[in-house]
Amino acid sequence: MSGWSPLVTVDELSGRLDDPTLRIVDCRFRLDDPADGRRLYEVGHIPGAVYVSLDDDLSGPSGPGRHPLPEPNVFAGRLATLGVGDEHEVVAYDDAGGAYAARLWWMRRATGHPRVAVLDGGYQAWLASGLHVSTEPPSYPAAAWSAVFEWPGVVDRAGVAEISSHATMVDARAAERYQGEVEPWDPVAGHIPGAVNLPYADNLGADGTFLSVDALRDRYSVIPPDRPVVVYCGSGVTACHDLLAMELAGIEGVALYPGSWSDWSTSGGPVATGPEPG
């Protein structure tokens, strides 16, 4: 875990389970059954891991989109009550290729804590390695945390409308949603005009781990180096997966549109369909 890479391997993590400076966070979640993640955690989790829910801990009660960001102080305070404070390194994992763990990775980083990583391969990789799992939640004392007053590196709907003509918009959803062929969650199908489609799932290889840095650099080479970049998805969650992949590829200064398509599609703003940016 030297150099604070956004990714950590199973071998690296398993060698540090007794490290008091480390905290592990289980982010498993199901959009169609929000309580299932906690049930899975109770059945078995990486020893020492605490559990956070996308709905309850990584999202706010109100705001633009289906999974609005919580107030950063609320998020930081919630982690602190679980024993995750300023002094801790954090490794997040899920069983969805990092789709939810990357949201925590981005949020933790955005609140001023760069020592955070996602477990490459997730819970499946841990099980495949034959490593021990636990059914007991850890008992950590509440931790110290610093006040955080705003989310950096975010763009709202008005900001997207203002900069979309001279920025590169990246849509992290599956191609069929981007093209407007299906829309399982939001009222309008399609994408923000001008957006390119780089589905988050394609950041992974067949084994469920991230592609090599060279492969990710090649994948994201379609992004011009001299334009602002904003990433969105359905509700601001899996966009963070693309943000993590871009970090690995060496692309810096990328912004998140937290409201994402769930916000844009309710705004009456322009919509494009089909495989081209439009």
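This is a predicted model: local features need pLDDT of at least 70, side-chain atom pairs count only at pLDDT 80 or more; totals for chains, interfaces and linings use all residues.

Q: Okay, so what do the buried residues of H4 pack against?
A: They pack against strand E2 (22–26), helix H3 (72–81), strand E4 (89–93), strand E5 (116–119), H9 and E9.

Q: How many residues of H4 are buried?
A: Nine of the ten, so H4 is largely enclosed by the rest of the structure. Among them are Ala101, Leu104, Met107 and Ala110.

Q: How does H4 sit on the strands?
A: H4 lies across E2, E4 and E5, and runs at about 175° to E5.

Q: And which sheet has E5 in it?
A: An open sheet of five strands, ordered E1-E5-E4-E2-E3, with parallel pairing. Strand E1 (7–8) and strand E3 (49–51) are at the edges with a single partner strand each, so one side of each has no neighbour in the sheet.

Q: How many bridges pair E1 and E5?
A: Two, in the parallel sense. Val8 stands opposite Leu119 in E5.

Q: Back to the helices. At what angle do H4 and H9 cross?
A: Roughly 65°, with the axes of H4 (residues 101–110) and H9 (residues 239–249) coming within 8 Å. That makes H4 roughly perpendicular to H9. The crossing is left-handed.

Q: Which residues meet there?
A: From H4 you've got Ala102, Arg103, Trp105, Trp106 and Arg109, and they meet Cys240, His241, Leu243, Leu244 and Glu247 in H9. Sorted by class, this contact has six nonpolar, one polar and three charged residues.

Q: New topic: which strands does H9 lie across?
A: Strand E6 (168–171), E8 and E9, and H9 runs at about 140° to E8.

Q: What's the strand order in the sheet with those?
A: E7-E6-E8-E9, an open sheet of four strands with parallel pairing. Here strand E7 (196–197) and strand E9 (255–256) are the edges, each with a single partner strand, so one side of each is left without a neighbour in the sheet.

Q: And what joins E8 to E9?
A: Two bridges join strand E8 (residues 229–232) to E9, and the two strands run parallel. Val231 stands opposite Leu256 in E9.

Key: Residues are numbered from 1 along each chain as its sequence is written. Side-chain values use heavy atoms; hydrogens and water are left out. Axes are lines fitted to C-alpha atoms, for helices over the stretch in contact, and angles run from 0 to 180 degrees between N-to-C directions. Angles under 35 degrees count as roughly parallel, over 145 as roughly antiparallel, 65 to 115 as roughly perpendicular and the rest as oblique. A crossing is left-handed if the near helix is turned anticlockwise from the far one by less than a right angle, and right-handed if clockwise. Contact means heavy atoms within 4.5 Å. Ala, Val, Leu, Ile, Met, Phe, Trp, Tyr, Cys and Pro count as nonpolar, Asp, Glu, Lys and Arg as charged, and the others, Gly among them, as polar. Two strands pair if DSSP finds at least two bridges between them. Buried means under 20% relative accessible area, exposed over 50%, partly exposed in between (1.4 Å probe, protein chains only).
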